[in-house]
Amino acid sequence: MNHSYIFMISFMFMMAFMVFFLVFKHILSSLISLEFMALAMFSMFSLSPMLLKSEMYSSFLFISIVVCEAALGLSLIILWVRKKGNDLFITF
């Protein structure tokens, strides 16, 4: 395997990181960029065992934790929108 996959995954993570810190008008956009960072990290975790010919159990544990975090974040956004009426950071 060549290193273009690693560069692409690192680029995905850095772009999601920049979006998280630069575009913070809506809570939902921040949550989506966090999930995109988690997806990039999962891609890196699943690419590493393929290169090293080892097991992938840690990546499955990571993706299950990420799914739980996404469900919790979405439920908190729904509660926030029901309480405040919008998902803007300005309303804090």
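F7 and F11 are 4 residues apart in helix α1, which means that about one helical turn separates them; helices here are DSSP runs of H or I with at least four residues, numbered from the N terminus. This is a predicted model, in which local features need pLDDT of at least 70 and side-chain atom pairs count only at pLDDT 80 or more, while totals for chains, interfaces and linings use all residues. Residues are numbered from 1 along each chain as its sequence is written, and side-chain values use heavy atoms, with hydrogens and water left out.

As for confidence, pLDDT is the predictor's own score for each residue, from 0 to 100, and the protein chain averages 84, with 91% of the residues scoring at least 70.

How exposed or buried are the two residues? F7 is exposed, at a relative accessible area of 62%, whereas F11 is partly exposed at 47%; buried means under 20%, exposed over 50% and partly exposed in between, with a 1.4 Å probe and protein chains only.

Now to the rings: the structure holds 5 aromatic pairs, where rings of Phe, Tyr and Trp (its six-membered ring) pair if their centres lie within 6.5 Å, and planes under 30 degrees apart count as stacked, over 60 as edge-to-face and the rest as tilted. The ring centres of F7 and F11 lie 6.5 Å apart with planes at 20°, so this pair is stacked.

What do F13, F17, F20 and F21 form? Together they make one aromatic cluster. Within that group, F20 is partly exposed at 24% relative accessibility, and F21 is also partly exposed, at 47%.

Methods. Helices (H or I, at least four residues) and strands (E, at least two) are DSSP runs, numbered from the N terminus.
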